[in-house]
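Hi,

Here is the structure I promised to pass on.

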Amino acid sequence: LVLLVPELTFLTGVSDLRKNSRMLKEVMWEMIQSPQQHYQRLSSLLCRIRDTPDASRELQRWGLCLDTDIYRTQGHILPVERINLRHRSFLPTEDVGWHREVTKEVPIAVISINSWVLIYPKRLQHLAKDLLAAMRSSCGAMGMQVGQPTVQELRDDRIETYVRTIQSSLGSQDKVQLLLCIIPGSRDDIYGAIKKLCCVQTPLPSQVINAQSLMGHPGKIRSVVQKVLLQINCKLGGQLWGVDIPL
């Protein structure tokens, strides 16, 4: 039994945040702000403290005086790193992202997926079909080869069904490179059981995809599949990109 002192503990995270898109947007807006927005908010806070009599008196009692402007110093801006792929190099855009480039070019080292298992509940068979089609259409530009998987369709989405099917599939095949599972929604219990099985009991690279992320227009599915293929390539020992590290 662990007893925590309430005054010394802080609640982290927000429960069921992913189910509330409006709240998620508000939280992300608070977290992801430009340096100018940070500066304006801090300056506003300093002015509020100065103009609030109670706050000013409290600071005087402590012998503190807050400047109404933030301390300025000369910063050093590092040069932009050049991102190297197998056949070309490029400089990232202003948002420091290069997802578009790595999904249209061949990475430094690519691992082909020849022997893999795809597991999904029967009611999600249409999503599994869309996933396979998107993987086949996206892998060519990235220099990857995706072979035909061994498909296991589950009669339900219980944890025991997933575990038994995975154990049976891995036991019946000599060498499996990858296990890919589609799970219904944000099921942390199924995710945890799959990862425990594949990371502890029977070590094997695994990829778990939330069915909700595959629902929507074809462009959304394609974007998700591209990211999944990049993750799989890394998990199988591939190398996506590199940077120049001089002596």
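Let's start with a charged pair: D54 and R57 join their side chains in a salt bridge, N to O 2.4 Å (a side-chain nitrogen of Lys or Arg within 4 Å of a carboxyl oxygen of Asp or Glu). The two are three residues apart in helix α3 (residues 53–62), so about one helical turn separates them; helices here are DSSP runs of H or I with at least four residues, strands are E runs of at least two, and both are numbered from the N terminus.

Before I go on: this is a predicted model, with local features needing pLDDT of at least 70 and side-chain atom pairs counting only at pLDDT 80 or more, while totals for chains, interfaces and linings use all residues. Residues are numbered from 1 along each chain as its sequence is written, and side-chain values use heavy atoms, leaving out hydrogens and water.

Another salt bridge links E105 and R88 (3.0 Å, N to O). E105 sits in the loop between α4 (99–102) and β3, and R88 in the loop between β1 (83–84) and β2 (89–90), so this pair ties together parts 17 residues apart in sequence. The count comes to 12 salt bridges, and R155, D156 and R158 form a network of them.

As for the inside, the largest nonpolar core has 35 residues, with W116, L118, L131, L180 and I182 having the most contacts within it. A core here means buried (under 20% relative accessible area, 1.4 Å probe, protein chains only) Ala, Val, Leu, Ile, Met, Phe, Trp, Tyr and Cys residues joined through side-chain atoms within 4.5 Å. Two or more residues each come from β3 (116–121), α5 (125–139), β5 (178–183) and α8 (218–235).

Cheers

Terms used
Buried < 20%, exposed > 50% of the residue type's maximum accessible area, 1.4 Å probe, protein only.
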